[in-house]
Amino acid sequence: MKPAFVLSAALVLSACAGAVPSPPSAAPDFSEITPMAAPARTVLYTDCLAQAIERPAVARLSRDGAELLRFTCTGAPAQRFYEALGALEDGAVSIWKDAERTFRASAVVKEDLFGVDYCSTSPANDPVCQIVLNTGAFLTAKN
């Protein structure tokens, strides 16, 4: 009786698994997202972006269909950004050292630095920040 029960239970589970329909895919919602007031730290991004555009220090990063623009700032804008990252709790940012440079990222680095904003400094060199903007396929579209 035990083998028959196991077989019938397996058949019932198999039938249930096959009978569950996939949820219908929802159509995209093209409604404009309601903006909020920009927080005080916004100026850290805008100062860095403005300097990178003026210099120009803008580069393309690409991986697996993801297209990004990287803006690099140095000097005072980078120093302010770096210091502000240090005020966040360790669980909110990644902090690491490489040789004499100390790095701080604006998010916890899970795999690598692709798509992560970060700054670094050392006693011998000016601070540097890398800010990325996700552009999507538009950046390299042929038309």
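This short talk walks through the nonpolar core, the disulfides and a few backbone details of the structure shown above.

Please keep in mind that this is a predicted model, in which local features need pLDDT of at least 70 and side-chain atom pairs count only at pLDDT 80 or more, while totals for chains, interfaces and linings use all residues. Residues are numbered from 1 along each chain as its sequence is written, and side-chain values use heavy atoms, with hydrogens and water left out.

Let me begin with the core. By nonpolar core I mean a set of buried Ala, Val, Leu, Ile, Met, Phe, Trp, Tyr and Cys residues joined through side-chain atoms within 4.5 Å, and buried means under 20% relative accessible area, as against over 50% for exposed and partly exposed in between, with a 1.4 Å probe and protein chains only. The largest such core has 12 residues, namely L44, C48, C73, A78, F81, Y82, A84, L85, V93, C119, C129 and I131. The elements that contribute two or more residues to this core are α2 (42–54), α3 (75–86) and β6 (128–134), and the largest share, 5 residues, comes from α3. When I name helices (H or I, at least four residues) and strands (E, at least two), these are DSSP runs numbered from the N terminus.

Two strands pair if DSSP finds at least two bridges between them. Strand β4, residues 101–105, runs antiparallel to β5 and is joined to it by 4 bridges, with A105 standing opposite Y118. On the β6 side, β5 and β6 also run antiparallel, with 3 bridges between them, and there S120 has V128 as its bridge partner. The hairpin that joins β5 to β6 passes through 6 residues.

Which residues does C119 touch, not counting residues up to four places away in sequence? With contact taken as heavy atoms within 4.5 Å, C119 touches A78, F81, Y82, L85, T102, F103, R104, V128 and C129.

That last partner brings me to the disulfides. A disulfide is a covalent bond between the sulfur atoms of two cysteines; here a pair counts if the cysteine sulfur atoms lie within 2.5 Å, and by this rule the count comes to 2 disulfides. In one of them, C48 and C73 have their sulfur atoms 2.1 Å apart, and the link is left-handed, with -100° about the S-S bond. This pair links distant parts of the chain, C48 in helix α2 and C73 in strand β2 (residues 66–74), 25 residues apart. C48 counts as buried because its relative accessibility is 0%.

C119 and C129 form a disulfide as well, with sulfur atoms 1.9 Å apart, and their link is right-handed, with 105° about the S-S bond. C119 has a relative accessible area of 1%, so it is buried, and C129, with 0%, is buried too. Counting bonded cysteines along the chain, the disulfides follow the pattern 1-2, 3-4.

Finally, some backbone details. A cis peptide bond, with omega of about -20°, joins R55 and P56, and P56 lies in the loop between α2 and β1 (58–63). D64, although it is not a glycine, has a positive phi of about 50°; D64 is found in the loop between β1 and β2 and is exposed, with a relative accessible area of 78%. A99, likewise not a glycine, has a positive phi of about 60°, and A99 sits in the loop between β3 (94–98) and β4.
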